Amino acid sequence: MDTRIMEIAQRIRGLREILEIEQAEMAEKTHVSLAQYQQYESGEKDFGFTFLYDCANILGVDVVELLSGEPPKLSFYSIVRSGKGLPMHRRQGFSYHHLAYNMKNKMIEPFLVTAPYFEAEQSAPIALSTHKGQEMDYVLKGSLKVQLGDHIEVLGEGDSVYYDSGHPHGMIATGGRDCQFLAMVVKPADEDEGEK
């Protein structure tokens with residue numbers, strides 16, 4: 001079992017218990033079944049970004065605190081050197097690097113994302129998720145096939161998409177190679193006020 005997954009699961013469980021929130025309520029608010037939620041909380045299943053983002057909002061912490069166990073400490077500016085973002089590995093092969101993990105009270109969650117190319121995904125349905133807020137994705141290298149509701153778009157280097165992430169959305173690398181893109185997840189205004 002992955003130690004990092006287990007540590008994140010323990011943080012989620014600990015915070016949930018401190019706040020006296022039942023597992024069933026967490027499952028409902030994170031849009032997963034109770035059985036799936038229990039697998040996440042026991043460390044049996046790896047977390048998707050949307051699940052972690054939703055948990056952080058429900059538990060009143062920064063998503064970085066769930067990932068690292070440490071709350072962000074900076075309030076003026078934060079520099080993240082090349083290749084030094086806080087790593088997250090979610091979904092099959094997707095690699096996320098948080099680019100402002102030391103900054104507290106963020107209005108956006110910026111990530112450098114690498115989506116691996118898989119031939120088998122090219123003709124399969126794209127896995128979709130939803131979360132509150134808005135998102136902008138800007139392609140740096142490769143091509144990204146993005147599904148927004150029933151719409152499918154292919155973005156190339158230099159292309160971007162901005163959308164309401166409360167609608168079903170998902171993406172895969174296309175064009176025969178991995179895709180690297182900048183993802184900016186914008187929190188709803190009401191969540192910024194409640195953040196610690």
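User: Before we start, what counts as buried, exposed or partly exposed here?
Analyst: Buried means under 20% relative accessible area, exposed means over 50%, and partly exposed lies in between. Keep in mind that this is a predicted model.

User: Fine. Is Thr3 buried or exposed?
Analyst: Thr3 has 56% relative accessibility, so it counts as exposed. Thr3 is found in helix α1.

User: Which residue is 40 places from Thr3 in sequence, and how far off is it in space?
Analyst: That is Gly43. The C-alpha to C-alpha distance between Thr3 and Gly43 is 8.8 Å.

User: Staying with α1, how does it pack on α3?
Analyst: Helix α1 covers residues 3–18 and helix α3 covers residues 34–41. They pack at an angle of about 115°, and their axes are 8 Å apart. The two helices are therefore roughly perpendicular to each other.

User: Which residues make that contact?
Analyst: From α1, Ala9, Ile12, Arg13 and Arg16. From α3, Tyr37, Tyr40 and Glu41.

User: How many of them are nonpolar, polar or charged?
Analyst: Four are nonpolar and three are charged. No polar residues take part in the contact of α1 with α3.

User: New topic. Which residues touch the most other members of the largest nonpolar core?
Analyst: Ile12, Phe47, Phe51, Leu52, Leu59, Phe111 and Phe181. That core holds 42 residues.

User: Which helix gives the most to this core?
Analyst: Helix α4, residues 49–59, with seven residues.

User: How enclosed is α4?
Analyst: Nine of the 11 residues of α4 are buried, so the helix is largely enclosed by the rest of the structure. The buried ones are Phe49, Thr50, Phe51, Leu52, Tyr53, Asp54, Cys55, Ala56 and Leu59.

User: What follows α4?
Analyst: Gly60. Its phi is positive, near 75°.

User: Where is Thr30?
Analyst: Thr30 is in the loop between α2, residues 23–29, and α3. At 4% relative accessibility, Thr30 counts as buried.

User: What is Thr30 in contact with, leaving aside neighbours within four places in sequence?
Analyst: Tyr37, Phe51, Asp54, Cys55 and Ile58. Of these, Phe51, Asp54 and Cys55 are among the buried residues of α4.

User: What about backbone angles? What is phi at His31?
Analyst: It is near 65°, a positive value in a residue other than glycine. Most residues other than glycine have a negative phi.

User: Where does His31 sit, and is it buried or exposed?
Analyst: His31 is found in the loop between α2 and α3. At 60% relative accessibility, His31 counts as exposed.

User: And what is phi at Asn105?
Analyst: Asn105 is not a glycine, yet its phi is positive, about 55°. Asn105 is found in the loop between β2, residues 94–98, and β3, residues 108–115.

User: How does the accessibility of Asn105 count?
Analyst: At 46% relative accessibility, Asn105 counts as partly exposed.

Terms used
Residues numbered from 1 in each chain as written. Predicted model: local features only at pLDDT ≥ 70, side-chain atom pairs only at ≥ 80, totals over all residues. Heavy atoms only, no water. Axes fitted to C-alpha atoms, helices over the stretch in contact; angles between N-to-C directions. Helix = DSSP H or I, 4+ residues; strand = E, 2+ residues; numbered from the N terminus. Parallel < 35°, antiparallel > 145°, perpendicular 65-115°, else oblique. Contact = heavy atoms within 4.5 Å. Nonpolar A, V, L, I, M, F, W, Y, C, P; charged D, E, K, R; others polar. Buried < 20%, exposed > 50% of the residue type's maximum accessible area, 1.4 Å probe, protein only. Core = buried A, V, L, I, M, F, W, Y, C linked by side-chain atoms within 4.5 Å.
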